[in-house]
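The sequence and structure come next.

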Amino acid sequence: MAYSANTNDERLKRIDRSLPDWRPAEIETPPDGYREAAVSLVLRAGTELDLLLIKRAKSERDPWSGHMALPGGRRDDTDASLLDTAIRETLEETALDLSGAAHVLGRLETVAPVNQRLPKLFVLPIVFGVEAELDAVVNSHEVASVHWVPVRTLQDPATVSETTILLPTGPRAFPCYRVDGEIVWGMTYRILSRFFAHLC
């Protein structure tokens, strides 16, 4: 399957130039005991440049239950690459098919959960650009809602805040974004912060 970075949108072109290439040969090997995973940063080039976020459904079996997140998940044995993982998971969760309609703009540095109680995942964020007419919907019982958030809003200093999370060791403050009445924190916040650093 061929993937294109060609786009007529100047905003997406600038992002494409600012990011490392997504090719598997350049991706770090996960540490021992870690499983590979991928998430999609999907940018929709309309009047605004919007970013796709999902809110995970509440579930006792989900360690990220109820969190705002990027679509994505663990790599399956059938996935030829982490790019295929990101595309498959986005389709399963939001019905947005990136295999033919998206421009692959690049990737970010791999990340892993900081909390040792969370699954040991080595996560590759991959950045996609899509055209204005495409949309996403809730397409899985694992997803409660989908949100297109303007990048401009996320970059607004007024959106950056702190939230206090009750951990087993006690309450702890974390940086976050506050959008659509929701809190974006943790690994998703770290990924987005790195993405915005590439745009500077």
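In sorting lining residues, Ala, Val, Leu, Ile, Met, Phe, Trp, Tyr, Cys and Pro count as nonpolar, Asp, Glu, Lys and Arg as charged, and the others, Gly among them, as polar. The model is predicted.

## The second largest pocket

The second largest pocket holds about 180 Å³ of space. Its lining consists of K55, S65, G66, H67, M68, T163, I165, E182, I183 and W185. Two elements, strand 8 (160-167) and strand 10 (182-185), each give two or more residues to this lining. Strand 10 gives the most, with three residues.

By the classes above, the lining of the second largest pocket splits into four nonpolar, four polar and two charged residues. Because Lys and Glu count as charged, K55 and E182 in the lining fall in that class.

## The cavity

Rolling a probe the size of a water molecule over the atoms shows where empty space is left. Searching the whole structure gives one cavity of 30 Å³ or more. The largest cavity contains about 50 Å³ of space.

Y34, P113, N115, Q116, L118, P119 and K120 form the lining of the largest cavity. Four of the residues in this lining are nonpolar, two are polar and one is charged.

## Nonpolar cores

The largest nonpolar core has 31 residues, and those touching the most other members are L41, L43, L53, V127 and L192. At least two residues of this core come from each of helix 1 (10-18), strand 1 (35-45), strand 2 (49-56), strand 6 (121-131), helix 4 (151-155), strand 9 (170-179) and helix 5 (186-199). Helix 5 gives the most to this core, with six residues. A second, separate core has 19 residues, among them A38, L52, L83 and A102.

Which residues does V127 touch, not counting residues up to four places away in sequence? The list is I15, L19, L41, L43, H103, V104, L105, G106, R107, L108 and F195. Two residues on it, L41 and L43, are also named among the members of the largest nonpolar core that touch the most others.

R44 is found in strand 1. Is R44 buried or exposed? Its relative accessible area is 15%, and because buried means under 20%, R44 counts as buried.

A polar atom of the R44 side chain lies 3.0 Å from the backbone oxygen of L134. The side chain of R44 also makes a polar contact with the side chain of D135, at 3.4 Å. Not counting residues up to four places away in sequence, R44 touches L49, D50, V130, E131, A132, L134, D135 and W148.

E131 lies in strand 6 and is partly exposed, with 29% relative accessibility. Its side chain makes a polar contact of 2.9 Å with the side chain of H103. Apart from neighbours within four places in sequence, E131 is in contact with T7, R44, A45 and H103.

V160 belongs to strand 8. With a relative accessible area of 39%, V160 is partly exposed. V160 and V179 are 19 residues apart along the chain, and their C-alpha atoms are separated by 9.3 Å. Leaving aside neighbours within four places in sequence, V160 contacts C176, Y177 and Y189.

Most residues other than glycine have a negative phi. A95, which is not a glycine, has a positive phi of about 65°. A95 sits in the loop between helix 2 (82-94) and helix 3 (98-101), and this residue is partly exposed, with a relative accessible area of 36%.

D180 is another residue other than glycine with a positive phi, near 50°. The place of D180 is the loop between strand 9 and strand 10. Which class does D180 fall in, buried or exposed? Its relative accessibility is 52%, and since exposed means over 50%, D180 counts as exposed.

Note on methods
Residues are numbered from 1 along each chain as its sequence is written. This is a predicted model: local features need pLDDT of at least 70, side-chain atom pairs count only at pLDDT 80 or more; totals for chains, interfaces and linings use all residues. Side-chain values use heavy atoms; hydrogens and water are left out. On a 1 Å grid over the protein atoms alone, a cavity is a set of points where a 1.4 Å probe fits but cannot get out, and a pocket is an open set with protein on both sides within 12 Å along at least five of seven lines; lining residues have an atom within 4 Å of a point. Grid points are joined across faces, edges and corners, and a volume is the space filled by probe spheres set on the points. Helices (H or I, at least four residues) and strands (E, at least two) are DSSP runs, numbered from the N terminus. Buried means under 20% relative accessible area, exposed over 50%, partly exposed in between (1.4 Å probe, protein chains only). A nonpolar core is a set of buried Ala, Val, Leu, Ile, Met, Phe, Trp, Tyr and Cys residues joined through side-chain atoms within 4.5 Å. Contact means heavy atoms within 4.5 Å. A polar contact is a pair of N or O atoms within 3.5 Å; within protein, one must be able to donate a hydrogen and the other to accept it, and residues adjacent in sequence count only if both atoms are side-chain atoms.
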